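Work through these exercises with the model open beside you. Try each task before you read its solution.

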Amino acid sequence: CEMCKSRIEKAAKSVKGVISAKWDVKAKVIHLDFDSKATSKSRISKAIANVGHDTEFDKALKKVYDDLPSCCLYDR
């Protein structure tokens with residue numbers, strides 16, 4: 001949903017070195033532009049997991065996931 005999109009993009013953009021982050025709601029893929037000298041996919045992934053969204057690299061803490069709005073819950 002748009003809340004998920006906003007939350008995921010905001011989390012990614014909060015990482016120093018991320019230039020842009022665009023979440024494709026339909027494809028469930030994030031498109032990133034970042035300075036690899038300033039950050040890494042791992043740091044960005046952790047930031048996204050910290051706001052409740054699992055990534056291919058990191059799983060969100062259960063409590064954080066459980067606190068997401070019901071429309072943002074997904075099959076884990």
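**Exercise 1. The largest pocket**

How many residues line the largest pocket, and which lie nearest its centre?

*Solution.* Remember that this is a predicted model.

Step 1. Count the lining: the largest pocket has 22 lining residues.

Step 2. Go to the centre. Nearest to it lie Ile-8, Trp-23, Lys-28, Val-29 and Asp-54.

Step 3. The volume of the largest pocket is about 610 Å³.

Step 4. Sort the lining by class. It holds 15 nonpolar, three polar and four charged residues.

Step 5. Look for the elements behind the lining. At least two residues each come from helix 1 (2–13), strand 2 (29–34) and helix 2. Helix 2 gives the most, with four residues.

**Exercise 2. A hairpin and its turn**

Find how strand 1 and strand 2 pair, then classify Lys-28 as buried or exposed.

*Solution.* Step 1. Check the direction. Strand 1 and strand 2 pair in the antiparallel sense, over six bridges.

Step 1. Pick a facing pair. Ala-21 stands opposite Leu-32 in strand 2.

Step 2. Inspect the link. The two strands form a hairpin, and four residues lie between them.

Step 3. Apply the cut-off. Exposed means over 50% relative accessible area. Lys-28 has 62% relative accessibility, so it counts as exposed.

**Exercise 3. Helix 2 and what covers it**

List the buried residues of helix 2. Then name elements that cover them.

*Solution.* Step 1. Read off the buried residues of helix 2: Ile-44, Ser-45, Ala-47, Ile-48 and Ala-49.

Step 1. Look at their cover. It includes helix 1, strand 1 and strand 2.

Step 2. Gly-52 follows helix 2, and its phi is positive, near 110 degrees.

**Exercise 4. His-53**

Is His-53 buried or exposed? Which side chain does it join in a polar contact of 3.0 Å?

*Solution.* Step 1. Locate the residue. His-53 is in the loop between helix 2 (41–50) and helix 3 (62–66).

Step 1. Apply the cut-off. Buried means under 20% relative accessible area. His-53 has 4%, so it is buried.

Step 2. Find the partner. The side chain of His-53 makes its 3.0 Å polar contact with the side chain of Arg-7.

Step 3. Look further along the chain. Beyond four places in sequence, the contacts of His-53 include Cys-4, Ile-8, Ile-48, Leu-68 and Tyr-74.

How values were computed. Residues are numbered from 1 along each chain as its sequence is written. This is a predicted model: local features need pLDDT of at least 70, side-chain atom pairs count only at pLDDT 80 or more; totals for chains, interfaces and linings use all residues. Side-chain values use heavy atoms; hydrogens and water are left out. Buried means under 20% relative accessible area, exposed over 50%, partly exposed in between (1.4 Å probe, protein chains only). A polar contact is a pair of N or O atoms within 3.5 Å; within protein, one must be able to donate a hydrogen and the other to accept it, and residues adjacent in sequence count only if both atoms are side-chain atoms. Contact means heavy atoms within 4.5 Å. On a 1 Å grid over the protein atoms alone, a cavity is a set of points where a 1.4 Å probe fits but cannot get out, and a pocket is an open set with protein on both sides within 12 Å along at least five of seven lines; lining residues have an atom within 4 Å of a point. Grid points are joined across faces, edges and corners, and a volume is the space filled by probe spheres set on the points. Ala, Val, Leu, Ile, Met, Phe, Trp, Tyr, Cys and Pro count as nonpolar, Asp, Glu, Lys and Arg as charged, and the others, Gly among them, as polar. Two strands pair if DSSP finds at least two bridges between them.
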